[in-house]
Amino acid sequence: MVNGIKAIRGMNDILPHESYFWSHFEMKMQQWLAAYGYRNIRTPIVEQTDLFIRSIGEVTDIVEKEMYTFVDHLNNDSLTLRPEGTASCVRAVIEHNLLYSGPQRLYYAGPMFRHERPQKGRYRQFHQVGVEALGFAGPDIDAELIIMCSRFWQSLGISGLRLEISTLGNAETRALYRTRLIKYFEQHREALDEDALRRMHSNPLRILDSKNPGMQAIIENAPKLIDDLDVESYDHFESLQGILREQGINFQINLRLVRGLDYYNRTVFEWVTDKLGAQSTVCAGGRYDGLIAQVGGKSAPACGFAMGVERLLALMQETGNPVKQPVPDIYVVHQGEQVANYAWKCAELLRDEGFDVVLHCGGGNFKAQMKKADASGASYAVIIGDEELKTEEVTLKPLREPVKQASVKLIDISEIIRKEHLKS
Ligand code: ATP
Ligand code: MG
C-alpha cells in the first residue's frame, strides 16, 4: 500500500459485496418515508461548533469528548463534523423559514462522526437515517413516528425489536427532578465515578445515562422523574400509549430511559434488540419542543428519531429478508476487430431493452471470455463472432439453466428471455 496509508480507525470502507445491501436498505427506506409523506433534507456535514454545543448540551458525552472539532485556519472559525442530524436539520429549518408554510415532515440520511472507542456496532464514522416532524405538538405525531418505525421493521423482515418508551416531562418537571437527583447523588458520592462527580451539579440527569457497569446499582435506585411529572405531560404520555395500544404496537415503559442528548422533553423512545450484544439500540428519539427556540428560531414543538444504519444492517443480516447480490442479465462475449464494433452496438441495444449488460473488455479467446461471463453471475452470454456479424444474428447462451444455445436476432432476445423466465 502506498506509504502504508490506511483508512482512519473507526471509519469503514463499504465494499461492493456490502454496498448492494446498503443500496437495498436505502431504496426501502426512501419508499417507506415517501409512503408517510416525509421529504428529504440535505444539510452540510460541517457546522459551526456552537450549534452542537447549544443543542446537544455542553455537559454531554457527545460534546465533552466525542466531537471532531477543528479550527478553520482561514478565518479562525471553530467547526465540527456533525455528530448527529437533528441540530443541522433544525438550523436549516430556521435559516430558510420552512415552518412559515406550516409544519414539516422531514428526513435526512448520511454519515455522522463521533470520536468513540470503535467496537462492533460503534464506529467513528457511522450512518443515520433521521426523521423529524417539526411544528407538531403531538401526541398523534409522536405515535405516527413510532408506528412508522414498526412498519419499516416489518418491511425489512426484522423481528425481535423491543420498543421502550418514557416521558421526561416539561422543563419544570426536570428542574424539580434535578434537585432531587442532586440530593440523592450527594448522599451516594462514594459510589460515583469521576464523570458522575463532575456532572453531579452541572447535569445530574446525564449520570443516569452512564454506561459504567459499576454504577448501574446506584442508577437503578435513583429517584424517578415520573414522580415529578406535570399534568400536561402525563396526559400527553397517556394519549400516546392509548394510540399505540389501539394500533397494536407493543411497548414497555422504561422509566430509566434518558437519552444522551439534552434537548429532549416529554416523549422519549428506543427500539432495542438482544441480538447485537452491547450495542443494542438501533433507533432512538423523542420530543424536543424547546430546541428550535434554543437554536434561535421562533418557538415551535417538534419530535423525531434517528436510526443507526450499521446496527440495522447487522440486524437485517441476522433476522431480515434475504437480499440477493445483483448480477448482470447478459455478458457479451466477442472476438475480432470488426466484430467488436458490432458488439458495442449490440450491448447498447440490449441496454435500451432494459437489460443490465456487461460488455467484455480486454480481449482474450472465447474460452477465457466465457469463463469471465460465468464468473460475472450473468444469466446469459451473448456470443458474437465473424459468423454472427455476417448473419446479423447473435448466439444466446443461457448460463444458469440446462438450455441449449441458439442463434437469434438481436431484436428477438428480449422476448426470448422473458418467455424463458415465465417458464422457470
Ligand atoms: P449509544 O447509547 O449506543 O451510544 P446514542 O444514544 O449515543 O447511542 P443517538 O445519539 O441516540 O445514540 O443516535 C441514534 C442511533 O444512532 C443509536 O441508537 C445507534 O443506533 C446509532 N449510533 C449512535 N452512535 C453510534 C456509533 N458511534 N456507531 C454506530 N451507530 C451509532
Ligand atoms: Mg453514544
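**Exercise 1. Find which oxygen and nitrogen atoms of ligand 1 meet the protein.**

Start with K211: an N or O atom in its side chain is 3.2 Å from an oxygen atom of ligand 1. Next, look at E116, where a polar side-chain atom lies 2.6 Å from a nitrogen atom of ligand 1. Finally, T281 uses its backbone: an N or O atom there is 2.9 Å from an oxygen atom of the ligand.

A word on the model: it is predicted, so local features need pLDDT of at least 70 and side-chain atom pairs pLDDT 80 or more, while totals for chains, interfaces and linings use all residues. Residues are numbered from 1 along each chain as its sequence is written, chains are lettered from A and ligands numbered from 1 in the order in which they are written, and side-chain values use heavy atoms, without hydrogens and water.

**Exercise 2. Describe the shell around ligand 1.**

First, count: 17 residues surround the ligand (a heavy atom within 4 Å). Then sort them by class: seven are nonpolar, four polar and six charged. (Nonpolar covers Ala, Val, Leu, Ile, Met, Phe, Trp, Tyr, Cys and Pro; charged covers Asp, Glu, Lys and Arg; the others, Gly among them, are polar.) Last, ask which element gives the most: β10, with four residues. Strands here are DSSP runs of E, at least two residues, and helices are runs of H or I, at least four, numbered from the N terminus.

**Exercise 3. Work out why the buried residues of α7 line one face.**

Begin by picking out A196, R199 and M200, which are buried in this helix of residues 194–202. Looking down the axis of α7, its buried residues fall within an arc of 130 degrees, so they line one face; the arc is that of the directions from the helix axis to the C-beta atoms. To finish, see what they pack against: α3 (61–66), α6 (171–187) and α8 (204–207).

Note on methods: A polar contact is a pair of N or O atoms within 3.5 Å; within protein, one must be able to donate a hydrogen and the other to accept it, and residues adjacent in sequence count only if both atoms are side-chain atoms. Buried means under 20% relative accessible area, exposed over 50%, partly exposed in between (1.4 Å probe, protein chains only). Contact means heavy atoms within 4.5 Å.
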